[in-house]
Every structure is written in structure tokens, then in C-alpha cells.
Amino acid sequence: MIEKCPVTGIQVSTDDQGVKRVKVVETTHGTIQTPVVVNCAGVWAAKLGQMTGVKVPLISMHHAYVVTERIEGIQVIENCPVTGIQVSTDDLGVKRVKAVETTHGTIQTPVVVNCAESFTADHKPLMGEAPEVRGFFLGCGFNSAGDKRRPVTEGETNY
């Protein structure tokens, strides 16, 4: 794996039986001959798939959520509308969320996550080799729950 090395193209060849196969990955640092590509590109996975002719059925969207400590008396909040946000400004002028007001009460010092995520229509991840191109594997569309789909190791929590 090479960090900070964007993929600019993927070359696919067709063998004598008409089967398409991954051949070369083109990057900003040169080309890499390889028979295998694993597409774990998140919100950019569909764009990477287009380079090979593989349709990667993902919907990318701006996704925001709040991680809090347990709220007394509430087991599961399926839909918790936000009614207000309290913001504080530190000595450097950086604004931070101090509290989030909801229909269930005020949540103090939450962690606000606001990022791009990719989703599948059926909320199931795309995993395995693409049928259109041999050697092009998908590991994407985890619907903002990628970390929650792995086993929890000793000593850590899986929030």
C-alpha cells in the first residue's frame, strides 16, 4: 500500500476467452502491474469502479451524527430531532459544540461527527470479486458502520 498516491486509471485487458481482467493501476507516481485491485475507496469507490467498467452501486452523501454518553432513562433513540446547538469559542477563536439540545433533553459535550459516507440501497456492504472484471474486488458500502462489522478484540469496546 502506498499512501498519498492517487489512482488515476486502471487498465483492464480481455483474454482469449473474452474475460476481462485487471492488468495495471495508474497513479500519480507511475504505473503498477498487478492482477488484483481491492476497492476500499469509500465515497470514491464508484469512481474507481468506473475506471474498470464496473458499476459500484453506492450512494454518497454528507452524513452527520452525535456520539454521547448514556442519557439517563433512554435505551435507544431511533429518531432524536435536534432543537438547538450551544457553541463555545476557545482562546484561538475555534468554535466547538458545547451541547446539543434535543427533544429528549440536552446532551453535554457531545462528539459531533460530520463526514462523507457511502451507502448501499439495501444497507449491506459490497464485498467480493466484481463479476464484470476478474481481479477487481469490492470492500465498500459499509453504510457508516465499517468499524462495527469487525470483531472486537480484547480490551476495546465497539461503540
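Student: What makes up the secondary structure of the protein chain?

Tutor: The protein chain has 1 helix and 11 strands. Helices here are DSSP runs of H or I with at least four residues, strands are runs of E with at least two, and both are numbered from the N terminus. Along the sequence the pattern reads β-β-β-β-α-β-β-β-β-β-β-β. A word on the source: this is a predicted model, in which local features need pLDDT of at least 70 and side-chain atom pairs count only at pLDDT 80 or more, while totals for chains, interfaces and linings use all residues. Residues are numbered from 1 along each chain as its sequence is written, and side-chain values use heavy atoms, with hydrogens and water left out.

Student: How do you know where confidence is lowest and where it is highest?

Tutor: We look at pLDDT, the predictor's confidence in each residue, from 0 to 100. The mean for the protein chain is 83, and 83% of its residues reach 70 or more. Confidence is lowest in β5, with a mean of 76, and highest in β2, at 98.

Student: Why is T14 called exposed?

Tutor: The cut-offs settle that one: buried means under 20% relative accessible area, exposed over 50%, and partly exposed in between, using a 1.4 Å probe and protein chains only. T14 has 51% relative accessibility, so it counts as exposed. T14 is found in strand β1, residues 7-14. Leaving aside neighbours within four places in sequence, T14 is in contact (heavy atoms within 4.5 Å) with V19 and K20.

Student: And why is K4 called exposed?

Tutor: K4 has a relative accessible area of 75%, so the label is exposed. K4 lies in the segment before β1, and its phi is near 55°, a positive value in a residue other than glycine.

Student: What makes the pair R21 and D15 a salt bridge?

Tutor: The rule asks for a side-chain nitrogen of Lys or Arg within 4 Å of a carboxyl oxygen of Asp or Glu. The side chains of R21 and D15 meet at 3.2 Å, N to O, in a salt bridge. By this rule the count comes to 1 salt bridge.

Student: Are R21 and D15 buried, exposed or partly exposed, and why?

Tutor: R21 has a relative accessible area of 39%, so it is partly exposed. D15 is also partly exposed, because its value is 23%.

Student: What makes a set of residues a nonpolar core, and which members touch the most others?

Tutor: A nonpolar core is a set of buried Ala, Val, Leu, Ile, Met, Phe, Trp, Tyr and Cys residues joined through side-chain atoms within 4.5 Å. The largest one has 15 residues, and V56, F136 and C140 touch the most other members. At least two residues each come from β2 (20-27), α1 (45-50) and β11 (136-140), with β11 giving the most, 3 residues. Beyond neighbours within four places in sequence, the contacts of F136 include I10, V22, L48 and A130.

Student: Which residues make the nonpolar surface patch, and why is V66 called partly exposed?

Tutor: V66, V82, I85, V87, V97 and V112 make a patch of about 470 Å². Patch residues have over 30% relative accessible area and no salt bridge; like charges are joined within 9 Å, and nonpolar side chains (Val, Leu, Ile, Met, Phe, Trp, Tyr) within 5 Å. Areas come from the Shrake-Rupley method with a 1.4 Å probe; for residues, only the protein chains shown count as cover. V66 has 35% relative accessibility, so it counts as partly exposed. V66 has its place in strand β5, residues 59-67, while strand β6 (residues 82-89) brings the largest share of the patch, 3 residues.
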